[in-house]
Structures are given as structure tokens and as C-alpha cells.
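Have a look at it first, and then we'll go through it piece by piece.

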Amino acid sequence: MLNKIREELNSYFLEREEEIDVALTSLLAKEHTLFLGQPGTGKSQLIRAIASHINAKYFEKLITKFTTEDEIFGPISIKELKDNDRIYRKTKNFLPDAEIAFLDEIFKANSSILNSLLTIMNERLFYNGDVVEKTPLISLFGASNELPNNELYAFYDRFLFRKVVEGIKGYDNLIKLINLNEEYEAKTKINIKYIKKLQNKALDVDISDVVGYLIDIKKKLEQNHIYISDRRFKKAVKAIKCYSFLRGNKVADIEDLEILKYIFWEDVDDILIVSKIIYNLINKYSERVLELLDIIEDLKKELRYINIEKIGECRKDYNMLIELLSKMAKIRLELKKLRNEAVSTKKSTKLIDKALKETEEFDRYIKVILNEL
């Protein structure tokens with residue numbers, strides 16, 4: 001059933017395989033996920049779509065600096081205040097009553113809201129006046145256009161999974177996007193009872209074969225001044241089990257450690273370092289691809305220095321364009337070689353295929369320019 005949901009989501013949401021896997025792993029692990037990205041990248045739509053597959057109590061709110069506690073946790077009961085002189089919130093249909101929640105622009109919440117959220121997210125408890133209430137929350141999804149400042153670190157740290165969401169890059173996918181239905185329709189539905197059953201099964205996954213690699217990753221990250229707290233390290237074990245289960249494994253294999261890419265970074269600048277260290281141990285081909293993707297991005301930036309409109313009149317710009325095309329062709333040849341090696345050693349080619357597609361899109365763009373000359 002979970003694989004059907006995964007397939008349905010991937011058939012609609014273009015270039016969102018990683019985000020979908022992170023979100024589903026989050027639900028299995030009973031943890032929280034933060035999606036970071038510019039407006040218009042479909043973060044909110046994806047979260048709503050995932051929630052639509054689950055018959056659960058769902059709460060959603062767009063946060064602003066003016067958002068009040070009443071809007072998140074429920075209004076204060078006037079009856080309780082009048083009759084018993086106590087503050088008590090009516091939480092039904094609000095976040096303390098939710099099994100799955102989504103808070104958009106989450107870091108705009110005031111300190112009072114964030115303090116209550118901390119307890120709900122970590123201990124699944126809500127302090128409702130003088131009463132401590134258990135909350136049924138499975139996962140809270142947050143979305144933001146930017147990382148929070150240091151004052152919000154404790155709250156930011158409650159998100160075990162963090163994923164940067166980028167815009168759709170592929171030309172073919174942009175064509176598909178134009179023709180895509182506005183509304184996503186979930187066909188496969190599951191209930192909370194089924195989710196809990198899967199959560200228990202996921203925890204039975206054997207990770208003994210990858211424990212040594214996990215410890216090596218932690219040590220190498222610390223050598224690069226990226227420190228992993230004991231709490232995050234411990235939760236990473238559960239994440240590996242759940243990701244492995246999502247991939248259909250009963251015994252975790254080394255490539256299940258890829259999920260750590262979304263757990264072991266705090267600052268966006270650390271993402272590349274973390275990814276390289278992880279791939280160095282689990283897939284040396286993907287490690288090299290990360291370097292090539294960096295070069296591809298630099299080549300794309302060089303296009304800014306070429307006057308496309310006057311390229312037919314300027315030999316220098318024309319030669320620069322041809323040179324960029326040549327460099328990209330060399331990268332593509334190396335990627336194809338890496339792919340053949342990866343296939344022969346039964347390693348994942350997912351990242352290689354992504355990079356190959358980017359080189360093809362680059363070629364397509366430049367060839368369009370040259371054909372117009």
C-alpha cells in the first residue's frame with residue numbers, strides 16, 4: 001500500500017522523488033520534516049498531497065508574525081474561565097488534536113507558540129492550562145523560505161529531516177508541468193492504524209551490517225567540524241530502519257545510509273560536505289557525481305557572461321558558447337563511464353542519471369540558441 005502511494009505521488013510530482021521518500025520515512029519514523037525552498041516550488045502542495053493519502057486528523061496553518069496561540073492550539077474556553085477561574089483551551093480540530101500537521105512559514109511563529117510546539121513535537125504533550133494532555137501527533141511538517149536564526153536553534157533541531165526543495169529543471173518535466181492537472185487526487189488511502197502497524201514493522205529491520213559505516217560517517221563529519229548530537233545520532237538509527245523498510249528491505253544495506261543526507265546537516269553550506277562523506281563510504285560513483293554537479297552549476301553560471309542576443313555578431317561570445325558545450329560533453333562522457341561502472345558493481349545510478357539529465361538539458365538550451373543564429 002505504501003509503495004502504491006509512493007508511485008502515485010511520483011507520477012504527479014515531478015523531480016520530487018527525494019522529498020517524497022523523506023516525507024514517507026518521516027511518517028514511518030514518527031518524526032518531523034522541514035522543507036526549505038523558494039516560494040512556488042510546490043512544498044505546500046506536496047505536503048497536502050501526502051496527507052490526503054491518510055485518513056487522519058489533519059491540521060494546517062500559514063504562520064505570520066501576527067498568528068496567535070488561539071489559531072494554533074485552540075481558543076480559551078470562556079465557560080471554564082467563568083465557572084472555574086481556569087485557563088483551558090478547546091483543542092478539538094486544532095494542532096494538539098492532530099495526527100498529521102503542516103505549518104507553513106513556521107519560523108515566523110512567536111516565542112510563545114514555539115515553546116508549546118517544542119513540547120508537542122518532542123514529548124507529544126500539550127500543557128493546557130493546569131492539565132498536561134497527550135497529543136496523537138505522528139509527524140509535523142514545516143515549510144519555510146529560509147533557515148531560522150540561532151535563537152530558534154532548539155526548535156529547528158526538532159526537525160529530524162531537512163530537505164531543500166528546488167524548482168523543476170528538466171525541459172521535458174516543464175512540458176509535463178504545463179499539462180498537469182491543478183489538483184492532486186489521492187487514489188490509495190490508508191488509516192492511522194495501518195501507519196502504526198508499518199511503524200512497528202519498520203523498527204524490526206536489521207541494521208547490524210551498516211552500524212560500522214554509520215559510526216565512520218559520524219567520525220568523518222566531526223573531522224570536518226560538523227558535530228552530530230547523541231540524540232540526533234540515535235534517531236538516525238530509526239531513520240535508517242524506516243528508509244530501508246520503505247525501500248522494501250528487511251535487512252538494511254549500505255545504500256540505505258543515503259537518508260542521512262537529510263539528517264546530518266544544519267547549515268545549507270554543509271549539505272555538500274555531508275553528502276560527499278556519506279557517498280564516499282556507500283557509493284564512490286555518486287561522490288564523484290557531486291563534484292561534477294558542482295562543475296555543471298559553474299558552467300551554467302558562465303552563460304550569464306554571454307550576450308545571447310548578439311552572439312551572432314560577437315565571435316568571442318560564440319567561441320565561449322562552443323567551449324561550454326565542449327566542457328559539458330566531456331562531463332557527459334565521464335558520467336556515462338561512471339554509470340557503466342556503477343551498474344556493473346550494482347550501485348545506485350540515481351544521482352548519475354540526474355546529472356546526465358542536467359547535461360542534456362544544457363545541450364538542448366545551447367543548441368536552440370545556435371539554431372537561431
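## The chain as a whole

Of the 373 residues in the chain, 48% are buried. Keep in mind that you're looking at a predicted model.

## Surface and charge

A pair of aromatic rings is described by how far apart the centres are and by the angle between the planes. This structure has eight aromatic pairs. Take Tyr12 and Phe13: their ring centres are 4.9 Å apart and the planes meet at 70°, so this pair counts as edge-to-face. Both Tyr12 and Phe13 are buried.

Phe107 and Phe155 make another edge-to-face pair, with 6.2 Å from centre to centre and 85° between the planes. Phe107 sits in the loop between β4 (100–104) and α6 (111–123), while Phe155 belongs to helix α7 (residues 153–156), so the pair ties together parts that are 48 residues apart in sequence. Phe107 is buried at 13% relative accessible area, and Phe155 is buried too, at 3%. Ring pairs also join Phe107, Phe155, Tyr156 and Phe159 into a cluster.

## Charges over rings

Which ring does the charged end of Arg162 sit over? That would be the ring of Tyr156, with the charged end 4.0 Å from its centre. Tyr156 is also one of the residues in the ring cluster with Phe107. Elsewhere, Lys218 lies over the face of Phe233, 5.7 Å from the ring centre.

Is Glu258 buried or exposed? With a relative accessible area of 9%, Glu258 is buried, because anything under 20% counts that way. You'll find Glu258 in the loop between α11 (230–246) and α12 (271–282). Setting aside neighbours within four places in sequence, Glu258 contacts Tyr243, Ile278, Tyr279, Ile282 and Lys350.

Glu302 is part of helix α13 (residues 284–302), and it is partly exposed, at 29% relative accessible area. Not counting residues up to four places away in sequence, Glu302 touches Leu324 and Lys327. The C-alpha atoms of Glu302 and Leu321 are 9.2 Å apart, and these two residues are 19 residues apart along the chain.

## Two residues with positive phi

Most residues other than glycine have a negative phi. Arg124 isn't a glycine, yet its phi is positive, at about 60°. Arg124 lies in the loop between α6 and β5 (125–128) and is buried, with a relative accessible area of 13%.

Lys346 likewise has a positive phi, near 60°, without being a glycine. Its place is the loop between α14 (315–344) and α15 (350–371). Whereas Arg124 is buried, Lys346 is exposed, with a relative accessible area of 78%.

Notes
Residues are numbered from 1 along each chain as its sequence is written. This is a predicted model: local features need pLDDT of at least 70, side-chain atom pairs count only at pLDDT 80 or more; totals for chains, interfaces and linings use all residues. Side-chain values use heavy atoms; hydrogens and water are left out. Buried means under 20% relative accessible area, exposed over 50%, partly exposed in between (1.4 Å probe, protein chains only). Rings of Phe, Tyr and Trp (its six-membered ring) pair if their centres lie within 6.5 Å; planes under 30 degrees apart count as stacked, over 60 as edge-to-face and the rest as tilted. Helices (H or I, at least four residues) and strands (E, at least two) are DSSP runs, numbered from the N terminus. A charge sits over a ring if NZ of Lys or CZ of Arg is within 6 Å of the ring centre and within 35 degrees of the ring normal. Contact means heavy atoms within 4.5 Å.
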